Amino acid sequence: MYDINEWKHVFKLDPDKEISDEALEKICESGTDAIMVGGSDNVTEDNVLNLMSRIRRYLIPCVLEVSTVDSIIPGFDLYFIPTVLNSKRPEWIVELHQQAVKEFGEIMNWDEIIVEGYCILNEECKAAKLTEANTDLTCDDVVAYARVAENIFHLPIFYLEYSGKLGDLSLVEEAKNVLSNTKLFYGGGITTPEEAKMFAEHADVVVVGNVIYSNLDAALLTVSAIK
Ligand SMILES: CC(C)=CCC/C(C)=C/CC/C(C)=C/CC/C(C)=C/CC/C(C)=C/CC/C(C)=C/CC/C(C)=C/COP(=O)(O)OP(=O)(O)O
Ligand SMILES: O=P(O)(O)OC[C@@H](O)CO
Ligand SMILES: [Mg+2]
């Protein structure tokens, strides 16, 4: 299923973290809609290639969420390109993208590329610190970013990112209310099937990451809770 409009659940695997073959098999055969490979620390060509080739043993859509130009490799089904809408620094919104397109523009297959408009809301997470995201936002501010994503930039994805911390459910609901075409991804702090279900009531796609490494059985239960 390579159409993101059909997705409800995604597992995000971090190339910088160890995962056994047995655990990876369970993740890939869990019934999730896709595996996203991404992280914000020590993402290298080597560890991305290693993880991609292991995931490739399974019939599951495999996406690279690009965080550095140096770790882009061929072979993924899709490439998700984050732009951090609430970053205070232009490089994380558009400048690195312009440089990457300058380098890869001629060989890029645009059909494989999907842009994600990130709004990072957990000030403690690495992605927030790295991109100097302005996390001091009201619900109205976030709703306005959702509208910017859909109505100004026509982005396919608006991603509410709480990485490492459970987010504000009412804020997810409010963002969803103003989106029609842009898909709402929610990620952050999901550790139980109940939490997954709650966020899936508002977000189109729920992304589950860290709990894979801390409690695999709980991570696997988030799939059947949603799908
Ligand atoms: C050869 C070949 C196949 C070519 C393909 C062509 C292609 C795909 C070209 C790409 C072109 C392009 C436009 C690239 C963009 C370049 C780039 C570096 C953009 C910046 C991306 C960005 C804003 C990164 C900031 C960090 C971020 C938002 C990362 C997303 C992942 C994320 C949030 C991870 C979670 O992090 P966190 O939980 O905080 O941290 P840990 O889990 O590690 O604790
Ligand atoms: O790792 P967690 O907290 O589950 O968050 C998922 C994902 O949104 C991280 O980019
Ligand atoms: Mg993480």
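Good morning. I shall begin with helix H2, whose buried residues are covered by elements that include strand E1 (9-13), helix H1 (21-28), strand E2 (34-37) and strand E3 (62-65). Please bear in mind throughout that this is a predicted model.

Which residues of H2 are buried? Helix H2 spans residues 45-55, and its buried residues are Asn47, Val48, Leu51, Met52, Arg54 and Ile55. Viewed down the axis of H2, these buried residues fall within an arc of 165 degrees, so they line one face of the helix.

I turn now to ligand 1. Around this ligand there are 31 residues, of which Ser40, Glu65, Ala127, Glu161 and Ser163 come nearest. By class, the shell comprises 19 nonpolar, seven polar and five charged residues.

Where do the polar contacts of ligand 1 lie? From Ser40, a polar side-chain atom is placed 2.7 Å from an oxygen atom of the ligand. Taken alone, ligand 1 exposes 1100 Å², and the protein buries 92% of that. The elements giving two or more residues to this shell are strand E4 (78-84), helix H3 (95-104), strand E5 (113-120) and helix H4 (126-131).

Finally, ligand 2. Which residues surround ligand 2? They are Lys12, Tyr159, Glu161, Ser163, Gly164, Gly187, Gly188, Gly189, Val207, Val208, Gly209 and Asn210. This shell divides into three nonpolar, seven polar and two charged residues. At least two of its residues come from each of strand E6 (157-161) and strand E8 (205-208).

One point links the two sites. Glu161 and Ser163 are among the residues that come nearest to ligand 1, and both also belong to the set surrounding ligand 2.

Thank you for your attention.

Terms used
Residues are numbered from 1 along each chain as its sequence is written. Chains are lettered from A and ligands numbered from 1 in the order in which they are written. This is a predicted model: local features need pLDDT of at least 70, side-chain atom pairs count only at pLDDT 80 or more; totals for chains, interfaces and linings use all residues. Side-chain values use heavy atoms; hydrogens and water are left out. A residue is near a molecule or strand if one of its heavy atoms lies within 4 Å of it. A polar contact is a pair of N or O atoms within 3.5 Å; within protein, one must be able to donate a hydrogen and the other to accept it, and residues adjacent in sequence count only if both atoms are side-chain atoms. Accessible areas come from the Shrake-Rupley method with a 1.4 Å probe; for residues, only the protein chains shown count as cover. Helices (H or I, at least four residues) and strands (E, at least two) are DSSP runs, numbered from the N terminus. Ala, Val, Leu, Ile, Met, Phe, Trp, Tyr, Cys and Pro count as nonpolar, Asp, Glu, Lys and Arg as charged, and the others, Gly among them, as polar. Buried means under 20% relative accessible area, exposed over 50%, partly exposed in between (1.4 Å probe, protein chains only). The arc is that of the directions from the helix axis to the C-beta atoms. Contact means heavy atoms within 4.5 Å.
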